[in-house]
Amino acid sequence: MIGLVDCNSFYCSCERLFRPELSNRPIVVLSNNDGCAVSRTDEAKDLGIKMGQPFFEFKNLCKSDGLVVFSSNFQLYTNLSDRVMGTIKDMCPLVEVYSVDEAFVNLNGFTEIDIFARRIKHTVERDTGIPVSVGVAKTKTLAKVANKIAKKNKVHTDGVVFLDNEKSIDLALKSFPIKDIWGIGSASASKLKLLGINTAYEFAHYKNEKLILKLLTKTGLMIKHELLGIECHKFGSSHEKKNEIMCSRSFDTPKFHINEIKESIANFIDLASSKMRRQESYCSRMDIFYYTSPFQDLMKHSVCRTYKFSVPTLDTLYMTDIAMKLVDESFKLGFGYKKAGVKLYELVNIENVQLGLFENYEIIDRRHRLIKTIDRVNLREGSGVLKSASCGAQNSGFGMKQVYKSPRYLTTWKSLRNVD
DNA sequence: TCTGGGGTCCTAGGACCC
DNA sequence: TCTGGGGTCCTAGGACCC
């Protein structure tokens, strides 16, 4: 049996933890730049606010309906996520952290699983203050279904749903919209609709599997099998090491100058590459990209340039050097760019690094020692203390708009809560 | 006026080889 | 006049997730 422990409205719950007076108020947490809704409480959902909806479309609800909004405060969320995951790991030996706010737990061999599931929920809530829902079933996809039902019917289910027999599974799937199944997005849902499939039950028991394979590829077929209780997504299959590391941001205002693009990309490389070194990987390929707003009818321009390193590297300075050249080659004057980013991929472990024939290893080695020294200094003195000159002088927040940001209650002394 | 960021997985189709 | 077929590798891009 697999359990899925999922935090309720996670970012909002984190904010609420430090503002208990907001316990029954509608809350929304906004994406970077205060762009759109990324987390909503039930009260905010009741106001009709959609996931990903742009803030300007519902800003008026702050006045009319007492909606409270927060800019995203990732230091806070990451810290609380660590506490939640730590609590779960204390209770179950086998935990697969799937995202910042959810984890699968392997419950094979446990007796009285439903009682234990309730205990997990109770303990996490008691020890961290973050409300969670728990779904338990034979496969990950069914556990997702169970969890969603638990979340939707908190009063009825007490936040825990256990789908352990055919009858309860059938009943659950018959009223479960196909578009809400994990892995079925809007494109797949509309294809299935054409086949007359509207519920998870109809999908699971659809006879023509060849057609499903053709329309939804093998991932779609796996979902179907998982709904029938056949395990396709093995427990523990999430990677500990990332296969690719991205860093990108939207700008608060359009950027017209090449130096602004260069500076931001240098900063993204700085962040992405130090993240990469923390997982002890080397990068074989790098994309840099920047583009104008896709939402406006102005002149559009989109740039993506790839560079393949002859020898996998961890050298920020070298990568930055290459990236600056790529921007020089591709930049077009007259466009206002709204977003830029960097992707490092084809990441390899140290032991798998293929050496080139014609490289000067003395120089490479010296450079790698330099980079590691920079990492050590930044670790000790605070990140961003030492970085390449291309990153610019002001310690940039990338010109991000964050009007509604809460204090970093858990990560800076100044922001600690006072107790009167 | 104002629309996120970071991931994974899969397929189609081109290039290339024998 | 007639111009294969099978395999692999690579890349771009779609779909989806949280």
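Q: In what order do the strands of the open sheet come?
A: In this predicted model, the order is β5-β6-β1-β7-β8, five strands in an open sheet with mixed pairing.

Q: Which ones are the edge strands?
A: Those are β5 (95–99) and β8 (160–162), since each of them pairs on one side only.

Q: And how do β1 and β6 run, parallel or antiparallel?
A: They run antiparallel: β1 (residues 2–7) and β6 (residues 102–106) are joined by five bridges. If you'd like to find one, look at I2, whose bridge partner in β6 is N106.

Q: Which helix packs on the sheet?
A: Helix α6 (residues 140–152) does, and it touches β1, β5, β6, β7 (132–137) and β8. The direction of α6 makes about 140° with that of β7.

Q: New topic: what does helix α11 span between its end C-alpha atoms?
A: Only 14 Å for residues 209–227, while a straight helix of 19 residues would span 27 Å. There is also a kink of about 125° in α11.

Q: Where is that kink centred?
A: On L216. L216 is also one of the buried residues of α11.

Q: What do the buried residues of α11 pack against?
A: They pack against four helices: α6, α8 (166–174), α9 (186–194) and α10 (200–204).

Q: Nice! What's at the start of α11?
A: There, a side-chain oxygen of N208 reaches to within 3.3 Å of the backbone nitrogen of K210.

Q: And which residue follows the helix?
A: α11 is followed by G229, which has a positive phi, near 90°.

Key. Residues numbered from 1 in each chain as written. Chains lettered and ligands numbered in written order. Predicted model: local features only at pLDDT ≥ 70, side-chain atom pairs only at ≥ 80, totals over all residues. Heavy atoms only, no water. Pairing = 2+ DSSP bridges. Helix = DSSP H or I, 4+ residues; strand = E, 2+ residues; numbered from the N terminus. Contact = heavy atoms within 4.5 Å. Axes fitted to C-alpha atoms, helices over the stretch in contact; angles between N-to-C directions. Expected span 1.5 Å × (residues − 1). Bend = angle between axes of the 7 residues up to and from the residue. Buried < 20%, exposed > 50% of the residue type's maximum accessible area, 1.4 Å probe, protein only. Polar contact = N/O pair within 3.5 Å; in protein donor to acceptor, adjacent residues only side chain to side chain.
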